Amino acid sequence: MTAHNHTEQIPSAEQLLLSRGVKPTPQRVVIAEYLLQTESHPTADEVLSAVAQALPVALSRATVYNTLNTLKEAGVIKEVLTEPGRVRYDANITHHHHFVDVKTGKIVDIPSDKVEAIGKLLGDQYKVHGFQVLFYGEVESG
Ligand SMILES: [Zn+2]
């Protein structure tokens, strides 16, 4: 059964790479595609295990790290730091914040308009160029 969805909001990973001046090699496309369709904010190792089967040749850890760096530098993805020493990746490059569910480890995007006023609380003492807020707690389903 093919559900055809005509909402073309998400550009193909290949188009996205080209628009950012990145040569769309197979490993870059596969990694970008994975990041575009997940909301899990994976680490490099999680990216590696998720895309391992998608390519005919095995990806090395170094290749995954290099690819993630290339994508980050081109502005295709962002780094997210939710815990010290652990870099996660996010293909949602719009300005937003994060909520970490401490029970499940799940990381949820929080739209920037929900915390827009926080920057103003600092007052005149700081010239704020931007900010990222990280919330911790539990998601109440319901
Ligand atoms: Zn995010």
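Reader: What makes the packing of α2 and α4 roughly perpendicular?
Author: The two helices pack at an angle of about 70 degrees, with their axes 10 Å apart. Axes here are lines fitted to C-alpha atoms, for helices over the stretch in contact, and angles run from 0 to 180 degrees between N-to-C directions. Angles under 35 degrees count as roughly parallel, over 145 as roughly antiparallel, 65 to 115 as roughly perpendicular and the rest as oblique. α2 and α4 are therefore roughly perpendicular. A word on the source: this is a predicted model, where local features need pLDDT of at least 70, side-chain atom pairs count only at pLDDT 80 or more, and totals for chains, interfaces and linings use all residues. Residues are numbered from 1 along each chain as its sequence is written.

Reader: Which residues make the contact of α2 with α4?
Author: α2 brings Gln27, Arg28, Ile31 and Ala32, while α4 brings Thr63, Val64, Thr67, Leu68, Thr70 and Leu71. Two residues are in contact if their C-beta atoms, placed from the backbone, lie within 7 Å. The residues of this contact divide into five nonpolar, four polar and one charged. In that count, Ala, Val, Leu, Ile, Met, Phe, Trp, Tyr, Cys and Pro are nonpolar, Asp, Glu, Lys and Arg are charged, and the others, Gly among them, are polar.

Reader: What makes a set of residues here the largest nonpolar core?
Author: A nonpolar core is a set of buried Ala, Val, Leu, Ile, Met, Phe, Trp, Tyr and Cys residues joined through C-beta atoms within 7 Å. The largest such set has 19 residues, and Ile31, Ala32, Val47 and Val76 have the most contacts inside it. Two or more residues each come from α1 (13–19), α2 (26–37), α3 (44–51) and α4 (61–73), with α2 giving the most, four residues. Not counting residues up to four places away in sequence, Val76 touches Leu16, Leu17, Arg20, Val22, Ala32 and Leu71.

Reader: Why is Glu14 called partly exposed?
Author: A residue is buried if 20 or more other C-beta atoms lie within 10 Å of its own, exposed if 12 or fewer, and partly exposed in between, with C-beta atoms placed from the backbone. Glu14 has 15 C-beta neighbours inside 10 Å, so Glu14 counts as partly exposed. Glu14 lies in helix α1 and touches Pro24 and Val29, not counting residues up to four places away in sequence. The C-alpha atoms of Glu14 and Val29 are separated by 5.8 Å, although these residues are 15 apart along the chain. Over the protein, 18% of the 142 residues count as buried.

Reader: How do you know that β3 and β4 pair?
Author: Two strands pair if DSSP finds at least two bridges between them. β3 (residues 96–101) and β4 have five bridges, in the antiparallel sense. His98 has Asp109 as its bridge partner in β4, and Phe99 stands opposite Val108. Five residues lie between the strands of this hairpin, where Gly105 takes a positive phi near 80 degrees.

Reader: What makes β4 and β5 edge strands?
Author: The open sheet of three strands has the order β4-β3-β5, with mixed pairing. β4 (107–111) and β5 (134–137) each have a single partner strand, so one side of each is left without a neighbour in the sheet. The twist averages 25 degrees from one strand to the next.

Reader: How many helices and strands does the protein have?
Author: There are five helices and five strands, in the pattern α-α-α-α-β-β-β-β-α-β along the sequence. Helices (H or I, at least four residues) and strands (E, at least two) are DSSP runs, numbered from the N terminus.
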